[in-house]
Amino acid sequence: MRNFLLKFQIVLLFSVQLSSLWAEDGRDRLNAVIGKMNSLESFRASVTLNGGLSGVVSYKSPNQLHVRFSDGRIISSNGRILWFYNPDSSIAGKQDLKGVSGGLGGLLSGYETVTVSGRTFRLTSNTKRYNEIILVVSENDLPRVLKMKRSDEEITEIAFSGIATNIGLGTALFNFQPPTSSQIVENPLNQKE
C-alpha cells in the first residue's frame, strides 16, 4: 500500500509539473503569435462577425484600425481616438484612448491559463472581461478565428479570411470623421450601464 501511495504521489507530481510545462509552452507559443502580429506594418482582411455580419478590417502600426461592416457601421482609430459610427441611428461614439494598450497583445494579456493544441489557443480567467478566449491561427501564425466568451455566456466570434500583410495603407483611412449631422457621444466605454 505504501509503495502504491508513493507511485501515486510521483505520478501526481509529474502530471502537475507537465501541466505547468504545457501552460508555459502555451504562453510562449502565444507570445510568438502576438510578436508576429506586432511585427506587421499593416494588414487587411475580410471578417465575419458571429457567422453573419461581414466586413473589412484594416490595421496599420502602431494602433491604427479601420473596420467597415456590410451594414455601413464603422469602427475606426488613429491610435488616439476610437470612433464607433452607426449610419442607421446617425450616432457616433468618440472614445479617448489615452493610456489604453490595444491590439491582439492587449486583448490576450493577463490570462491565468494558456493552453495550446496544434494551432488552437485557449485562454481562461475568472477576472477578465472575457472569461475564455479561443484563438485559432493559420500556419503562418495569423489569426483565423477569435472566439470570446463572457461570464454571462455571451459569445462573440470573429472569423478572418483573405489576410494581406504589409500593404500600403494611407493615414487618411484611420482619421475617420462622422457626418456633421451625427449625434456624438463622448467616451461611451467609460459610462456605467
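1. The model under review is predicted. When neighbours within four places in sequence are set aside, Arg 150 is in contact with Arg 129, Tyr 130 and Asn 131. For Asn 131, the C-alpha to C-alpha distance to Arg 150 is 5.4 Å, with a separation of 19 residues in sequence.

2. Overall composition. The chain contains two helices and 12 strands. Read from the N terminus, the order of elements is α-β-β-β-β-β-β-α-β-β-β-β-β-β. Of its 193 residues, 32% count as buried. The accessible surface amounts to about 11,900 Å², and carbon and sulfur atoms account for 54% of that area. Among contacts between residues at least 6 apart in sequence, 40% link residues at least 24 apart.

3. Pairing of strand β1. Strand β1 (residues 42-49) pairs with strand β2 (residues 53-60) in the antiparallel sense, over eight bridges. Thr 48 has Ser 54 of β2 as its bridge partner. The two strands form a hairpin with three residues between them, and Asn 50 in the turn has a positive phi of about 50°. Strand β1 is also joined to β11 by six bridges, again in an antiparallel arrangement. In that pairing, Ser 46 stands opposite Ser 161 of β11.

4. Asp 141. This residue is found in the loop between β9 (130-137) and β10 (143-150). Asp 141 has a relative accessible area of 15%, so it falls under the 20% limit and counts as buried. Its side chain is joined to that of Arg 29 by a polar contact of 3.2 Å. Beyond its neighbours within four places in sequence, Asp 141 is in contact with Arg 29, Val 33, Lys 36 and Arg 119.

5. Nonpolar cores. The largest nonpolar core has 28 residues, of which Leu 30, Leu 108, Leu 123, Ile 133 and Leu 135 touch the most other members. Not counting residues up to four places away in sequence, Leu 135 touches Leu 30, Val 33, Leu 108, Arg 119, Thr 120, Phe 121, Pro 143, Val 145 and Leu 146. Apart from this core lies another, of five residues, including Ile 74, Tyr 85, Ala 92 and Phe 176.

6. Aromatic pairs. The structure holds three aromatic pairs. One of them is formed by Trp 83 and Phe 176, with a centre-to-centre distance of 6.2 Å and 70° between the planes, an edge-to-face arrangement. Why does this pair tie together parts that are 93 residues apart in sequence? Trp 83 lies in strand β5 (residues 81-86), whereas Phe 176 lies in the loop between β11 (155-165) and β12 (183-186), so the pair connects parts with that separation. Both Trp 83 and Phe 176 are buried. Together with Tyr 85, these two residues make up one aromatic cluster.

Methods:
Residues are numbered from 1 along each chain as its sequence is written. This is a predicted model: local features need pLDDT of at least 70, side-chain atom pairs count only at pLDDT 80 or more; totals for chains, interfaces and linings use all residues. Side-chain values use heavy atoms; hydrogens and water are left out. Rings of Phe, Tyr and Trp (its six-membered ring) pair if their centres lie within 6.5 Å; planes under 30 degrees apart count as stacked, over 60 as edge-to-face and the rest as tilted. Helices (H or I, at least four residues) and strands (E, at least two) are DSSP runs, numbered from the N terminus. Buried means under 20% relative accessible area, exposed over 50%, partly exposed in between (1.4 Å probe, protein chains only). A polar contact is a pair of N or O atoms within 3.5 Å; within protein, one must be able to donate a hydrogen and the other to accept it, and residues adjacent in sequence count only if both atoms are side-chain atoms. Contact means heavy atoms within 4.5 Å. A nonpolar core is a set of buried Ala, Val, Leu, Ile, Met, Phe, Trp, Tyr and Cys residues joined through side-chain atoms within 4.5 Å. Accessible areas come from the Shrake-Rupley method with a 1.4 Å probe; for residues, only the protein chains shown count as cover. Two strands pair if DSSP finds at least two bridges between them.
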